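Please look through the sequence and the 3D structure shown here, and keep both in view while reading.

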Amino acid sequence: MEPRNLADNIRTYFLPKLRIVDHTLDDAELESRCPLDNGRHTFTPKTSVGQLDLLPVELIDQVLIVLDIPTLTNFRRVNQRAMHLVDSLPPYRRLWTSCPNVLRAVISIKASSFSCQTLFKTLTQEKCESCDCFGGYLYLISCKRVCYLCFTSKKEYFPASLTLAARHAKSQKKALNHLPQIHSLPGRYTASAKISKNRITLVDRKALLALSKNSGVLDRTAVDYKSNEPRRFMSVIRAPRLSFQGMKVEWGTEPSSHFRIQYSSQDILQHSNNNVRLLAALVDADEQVEDGEYRFLVDGTHVKYVTVEPGILPEEHRTFGPLALASLPPFPPGDWNTGHVSRDSNAAGHGGEQLAFVRTEKLHLARVENISHPTRFDHLEFTKLERLRQNIHIVSHPRFSQPVVAKFTEFPWQTPYLEAETAAYEWIEGHEMGSRFLGHLTEEGRVFGFVVEYIDHARPAGPEDLEACKEVLGRLHKLGIKHGDINKNNSLMRDDGRCVLIDFETATKDASEEDIQEEMRRLGESLADPSRRGEGSG
């Protein structure tokens, strides 16, 4: 399996936008309320903007860039020359080309407490003003980049109405006009779509608290419904991160395992264990009782066995490598080979407990002890060609001109099965009953499987092959060995008509004569069995 390139598939594995309608300014019909004509006019300005035209263009840009967006919009309406100057202003141009809805929102709610330059600078930032998460929204009263969980929970993003502000700043009423504020739009707000019929003047709470002498009273008086509080949504809009140069736009993405927490593309590459590859997964159908078991390859070298607390991974992520890795916390560095992932209150972030590696250990893992063959192969030396079963692969190796079969334990607790089968191959060595044993398979030094010859063009035996199967099974019985799982798929027919036995996991030596005779007696019935029993065995 080739390592995945998550950077090329982020859009496949993550949702760039939730299907939830929050009813922020994004859902306030901004296109119809504030249509923009930027870029629609082609003309050569013939009028001037008075004495401002006496300045070099560079200085005019410096003057315009410190104006707020509503003022710039009013200036743009003066004449064609003014329109040209504003539209060609680099930060303003990025606004209407990369995020026109942000521009529409600022104009519509009359957000005038910050300059065009400040708005552009905020848009080039990535992190939320109050935490380390990707800030996928703008709080437009004071032009702060915020994440969903902060603007719906933190007090500073709960604006006060002008009426409430005037009540608690009695001696400072004139100063209220200079505080950051906006005029809301009528419409529906919050995911509950609460209706607001009138325009409300909302004042930045943080600035009001700095002005008011009754800040404690203000906090006690305001009723805050947080994510169901319409005023928290009236000044908020989704906003991308803009690059300083070029036209790159980053809207942030959200894995479903981290509800309402967004990541940038770079965050995802770091967070989603891009140096880790899923090798095997063993998960119960409902994963409600037993831990999920995983085998990972880290940095192309080290194998890690990880158990995951039941129910903490989304069902669709549990066995699909890229999504499972993106849902898990970053793999800790260090010399460890087993770990456990669980909810951890000590790693709590937004929305409660987060997933964490609560335990990592370096354990002596179970290994096959019956080592009879002098040759060993490291599992990383092979290239997988085809999977017969989860733990049986047709592979290639530089030492062999033809494909071979590798059979191994996916998890250490399965070692007794391979121990028994490895011993069985030693018992039949040189008797030409099974596939030729080529050597032991190792993982970081421990033997955890074996390599045998691949019988090309072989087919499962049928009732018509009963005599050939009896011949090879009889020779096995003469050695006192009972196969233990005779069926058509464990009896392969070569092109030359000879039968080869495979899958000796349940083979036993020194079997009783009664058991051996019973196995031979049931051979014909087993070959005629129409079921798929034993299919894909090694």
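The paragraphs below go from the surface to a histidine, then to aromatic rings and to salt bridges.

This is a predicted model, in which local features need pLDDT of at least 70 and side-chain atom pairs count only at pLDDT 80 or more, while totals for chains, interfaces and linings use all residues. Residues are numbered from 1 along each chain as its sequence is written, and side-chain values use heavy atoms, with hydrogens and water left out.

On the surface, Leu55, Leu59 and Val63 form a nonpolar patch that has about 220 Å² of accessible area together. A patch is made of residues with over 30% relative accessible area and no salt bridge, where nonpolar side chains (Val, Leu, Ile, Met, Phe, Trp, Tyr) are joined within 5 Å and like charges within 9 Å; the areas come from the Shrake-Rupley method with a 1.4 Å probe, and for residues only the protein chains shown count as cover. Leu55 lies in the loop between helix H2 (30-33) and helix H3 (57-65), where helices (H or I, at least four residues) and strands (E, at least two) are DSSP runs numbered from the N terminus. Leu55 counts as partly exposed because its relative accessibility is 35%, given that buried means under 20% relative accessible area, exposed over 50%, and partly exposed in between (1.4 Å probe, protein chains only).

His23, in the loop between helix H1 (10-13) and H2, is buried, with a relative accessible area of 17%. What does His23 touch, not counting residues up to four places away in sequence? The residues in contact (heavy atoms within 4.5 Å) are Arg188, Tyr189, Thr190, Ala193 and Phe233. His23 and Thr190 are 167 residues apart along the chain, yet their C-alpha atoms are separated by 5.1 Å.

The structure also holds 19 aromatic pairs. Rings of Phe, Tyr and Trp (its six-membered ring) pair if their centres lie within 6.5 Å, and planes under 30 degrees apart count as stacked, over 60 as edge-to-face and the rest as tilted. One of the pairs is formed by Tyr305 and Phe411, and it is edge-to-face, with 6.3 Å centre to centre and 65° between the planes. This pair links distant parts of the chain, since Tyr305 is in strand E13 (residues 302-308) and Phe411, 106 residues apart from it, is in the loop between strand E19 (404-408) and helix H17 (415-427). Both Tyr305 and Phe411 are buried. Elsewhere, Tyr294, Phe296, Phe331, Trp336 and Phe357 form one aromatic cluster. Lys304 lies over the face of Trp336, at 4.5 Å from the ring centre; a charge sits over a ring if NZ of Lys or CZ of Arg is within 6 Å of the ring centre and within 35 degrees of the ring normal.

A search of the whole structure finds 22 salt bridges, each being a side-chain nitrogen of Lys or Arg within 4 Å of a carboxyl oxygen of Asp or Glu. Arg475 and Glu471 meet in one of them (2.7 Å, N to O), and both lie in helix H18 (residues 466-478), 4 residues apart, which is about one turn of the helix. Arg521 forms another with Glu518, the closest N and O atoms being 2.7 Å apart. Arg521 and Glu518 are separated by about one helical turn because they are 3 residues apart in helix H19 (residues 513-521). Arg521 is exposed at 56% relative accessibility, whereas Glu518 is partly exposed at 32%. Finally, Lys407, Glu421, Asp503 and Glu505 are linked in a network of salt bridges.
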